[in-house]
Amino acid sequence: MKYFKGPNELDASFYYKWHSEMGANNLYGNAMPVHIHQSAELLLVTKGEMRIAVGAQEYEILHQNQAAMILPFQPHKYTTLPNTEYLRCNFATSLIPEFFNTVMGKEGDRASFNTNEATFFHFKKRILEDKEITLWGIRAFLCSAIDDYLSSVSFKDFLSTKDKV
């Protein structure tokens, strides 16, 4: 797992792990049980398939070149099928505050979305190939993925008017 430290060295504002779920030890895939965290999580499938459930939503299947965005404190779980490769990155709300100001108090109609070529360019160039990860490279990658997400997901207020006390 690689970390990018924010201005406060005690706080990792971005971390990621490249997963290659292959081989005899992963004949049946790999499962991550229901969990939550205070950061956002981006899952990007580059090969194979992944099943993901976020909140009360049923499982969605992510294929190659698809991604899922999990917002902070959303319960979620996922399972990878054999021979799946994906990027999992978590990032603090302070890294892209404009995004979190946009989605705060809202929920999307789904977590999954299609990515465009720019997102994969930034993923390959800024995350996989760069020897030194920079804040600008991370932001370029995340902003491209967030743009894909925001343009393909519909949002509603987390609590409707009738649910408010």
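Which residues lie nearest the centre of the largest pocket?

## The largest pocket

Keep in mind that this is a predicted model. In it, Leu 71, Gln 74, Lys 106, Glu 107 and Phe 158 lie nearest the centre of the largest pocket, and they belong to a lining of 26 residues. The pocket has a volume of about 480 Å³.

So who supplies that lining? The largest share comes from β10, with three residues.

## Two helices side by side

Now look at helix α2 (residues 117-129) and helix α3 (residues 135-152). They pack at an angle of about 160 degrees, and their axes are 9 Å apart. That angle makes α2 roughly antiparallel to α3, because angles over 145 degrees count that way. Their crossing is left-handed.

## Where the helices touch

From α2, the residues in contact are Ala 118, Thr 119, His 122, Phe 123, Arg 126 and Ile 127. Across from them, α3 brings Gly 137, Ile 138, Ala 140, Phe 141, Ser 144, Ala 145 and Asp 148. Taken together, the residues of this contact divide into seven nonpolar, four polar and two charged.

Definitions and conventions:
Residues are numbered from 1 along each chain as its sequence is written. This is a predicted model: local features need pLDDT of at least 70, side-chain atom pairs count only at pLDDT 80 or more; totals for chains, interfaces and linings use all residues. Side-chain values use heavy atoms; hydrogens and water are left out. Axes are lines fitted to C-alpha atoms, for helices over the stretch in contact, and angles run from 0 to 180 degrees between N-to-C directions. Helices (H or I, at least four residues) and strands (E, at least two) are DSSP runs, numbered from the N terminus. Angles under 35 degrees count as roughly parallel, over 145 as roughly antiparallel, 65 to 115 as roughly perpendicular and the rest as oblique. A crossing is left-handed if the near helix is turned anticlockwise from the far one by less than a right angle, and right-handed if clockwise. Contact means heavy atoms within 4.5 Å. Ala, Val, Leu, Ile, Met, Phe, Trp, Tyr, Cys and Pro count as nonpolar, Asp, Glu, Lys and Arg as charged, and the others, Gly among them, as polar. On a 1 Å grid over the protein atoms alone, a cavity is a set of points where a 1.4 Å probe fits but cannot get out, and a pocket is an open set with protein on both sides within 12 Å along at least five of seven lines; lining residues have an atom within 4 Å of a point. Grid points are joined across faces, edges and corners, and a volume is the space filled by probe spheres set on the points.
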